[in-house]
Amino acid sequence: MPEGPSVRKFQLLTSPFVGQVVAKVGGSSRKINVNALNALRLQDSQVHGKNLYLAFVAADGPLGPTAEETALQKEARSPAQGGQEQLCAPHPQDVELQEFQHSRSEAPDAAEGPGNWLRFHFGLFGSVRANEFSRANKANKRGDWKDPVPRLVLHFESGGFLVFYNCRMHWCSSPRADPASDILSLEFHRGQALEALSASHPICYTLLDQRYFSGLGNIIKNEVLYLANIHPLTPGSLLALSDRERLLDCAVQFSSDWLHHKLLGQRLHPQIYQREQCPLGHAVMKATLGPPGGLKRLTWWCPQCQPVVLPGDGDPSPAT
């Protein structure tokens, strides 16, 4: 599924349509009544982690403040406290994950059910396009060149349109929003993240925990562990504070850089993800790792660049 940088780009594609009225709808979704969106006004667009939220109101109703305007008002009322650490903003401006399963660590929206917010959670090759449709770039298994079928198409009175592919949608009364856990948010809480990284289970499990690293997915996990020279099965409790800080720095910087490259139309060039050799020419290991009874993810690492760290003097070979 698309990770935080991709979904943030999707949100930026939808933002120019805020304030416009839906003139016509289409799409294959059966989870919602797409016709109910006809003649509604797109009031707001927000992104939280791996989820995109669009708010709709009656076309003749008042257009409330957008998320950006609300944030600016909040900032004007409450200046940042000096004691809370904050990270720099992402740059001001498609490798897709090959996994569709939804992380179990991601909690549902605080208020499920009827509402004016439509939540989008994207699956394998999920995407959003503005004023264009996705076209087949290769034949399917039967040899047919068949274009992807959109789940939802919103045509606006301005003449522009938005197209949503391979996503799950449902209505909710408000977004599930915890900026302190969003890896690309100005309000990302560094102290909370460092504490989470000190847990006794393997560090690769913690990085995918959306309660602390919302938007961080399998590609980012693999890349930042390599950049920080940390073995994925290293228990967080065995890492020095300096190692956890370096890992967190890598996660924030890599996510921000990836978003920046996406907005420039540049593709990601992974150093370890889906590679057979690391940049130094060492053979790369691959395994499916995840907590017992939890979601397992493909993981790549270099045994030489990312040496195993385990308690005691036992044989580390099972982890390498």
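Author: Welcome! A residue is called buried under 20% relative accessible area, exposed over 50% and partly exposed in between, with a 1.4 Å probe and protein chains only. Helices (H or I, at least four residues) and strands (E, at least two) are DSSP runs, numbered from the N terminus. This model is predicted, so local features need pLDDT of at least 70 and side-chain atom pairs pLDDT 80 or more, while totals for chains, interfaces and linings use all residues. Residues are numbered from 1 along each chain as its sequence is written, and side-chain values use heavy atoms, leaving out hydrogens and water.

Reader: Which residues of α1 are buried?

Author: Gly-4, Pro-5, Ser-6, Val-7, Arg-8, Phe-10, Gln-11 and Thr-14 are. That is eight of the eleven residues in helix α1 (residues 4-14), which is mostly covered.

Reader: What is a nonpolar core, and which residues have the most contacts inside the largest one?

Author: A nonpolar core is a set of buried Ala, Val, Leu, Ile, Met, Phe, Trp, Tyr and Cys residues joined through side-chain atoms within 4.5 Å. Here the largest has 40 residues, and Phe-213, Val-224, Leu-247 and Leu-248 have the most contacts inside it. Helix α6 (241-263) is among the elements giving two or more residues; α6 gives the most, eight. A second, separate core of 24 residues includes Val-22 and Leu-42.

Reader: Where does Ser-214 lie, and what is it in contact with?

Author: Contact means heavy atoms within 4.5 Å. Ser-214 lies in the loop between α4 (203-207) and α5 (218-227). Leaving aside neighbours within four places in sequence, Ser-214 is in contact with His-48, Gly-49, Lys-50, Ser-181, Asp-182 and Ile-183. Ser-214 is buried, with a relative accessible area of 6%.
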